[in-house]
Amino acid sequence: QVQLVESGGGLVQAGGSLRLSCAASGRTFNINHMGWFRQAPGKEREFVARHSRSRSGTTTDYANSVKGRFTISRDNANTVYLQMDSLQPEDTAVYYCAASPVDVTVHVPYWGSGTQVTVSS
């Protein structure tokens, strides 16, 4: 089993920044893929960003709505970060960390409990 603990959410004004963190623990030896999803009230959960490690290196990918504003990164201690800049009210949602041995846009066996991000106008 893998446990994910998120932190860093909160309330920020439009144009501001927040940094989310997600620490993975447990059987993390094959967790080569981590990412972030979000769910706004009344909407389905959607992909935000992913970080993938392979023998050839690391790759990152973003939803079009956050490209150029959000940056995902991962340290060697199995913690993934989401730096969110130029936040807008439409970014308001519960943000969930995801971890998987495969691409997180394909299958996510491990989810965090979520952290609320609220952007005021």
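Visitor: Which residue forms a salt bridge with Glu-46?
Guide: Side chains of opposite charge can pair when their charged atoms come close. A salt bridge here is a Lys or Arg side-chain nitrogen within 4 Å of a carboxyl oxygen of Asp or Glu. Glu-46 pairs with Arg-38, their closest N and O atoms being 2.7 Å apart. This is a predicted model, where local features need pLDDT of at least 70, side-chain atom pairs count only at pLDDT 80 or more, and totals for chains, interfaces and linings use all residues. Residues are numbered from 1 along each chain as its sequence is written, and side-chain values use heavy atoms, with hydrogens and water left out.

Visitor: Is Arg-38 buried or exposed?
Guide: Buried means under 20% relative accessible area, exposed over 50%, and partly exposed in between (1.4 Å probe, protein chains only). Arg-38 is buried at 6%, while Glu-46 is partly exposed at 36%.

Visitor: Which side chain meets Asp-61 in a salt bridge?
Guide: That is Arg-50, at 3.1 Å from N to O. Strands are DSSP runs of E, at least two residues, numbered from the N terminus. Asp-61 sits in strand β6 (residues 57-62) and Arg-50 in strand β5, 11 residues apart. Arg-50 also forms a salt bridge with Asp-103, with closest N and O atoms 2.4 Å apart. Asp-103 lies in the loop between β9 and β10 (110-111), so this pair ties together parts 53 residues apart in sequence.

Visitor: How many salt bridges are there by this rule?
Guide: The count comes to five. Shared partners join Arg-38, Glu-46, Arg-69 and Asp-91 into one network.

Definitions and conventions. Helices (H or I, at least four residues) and strands (E, at least two) are DSSP runs, numbered from the N terminus.
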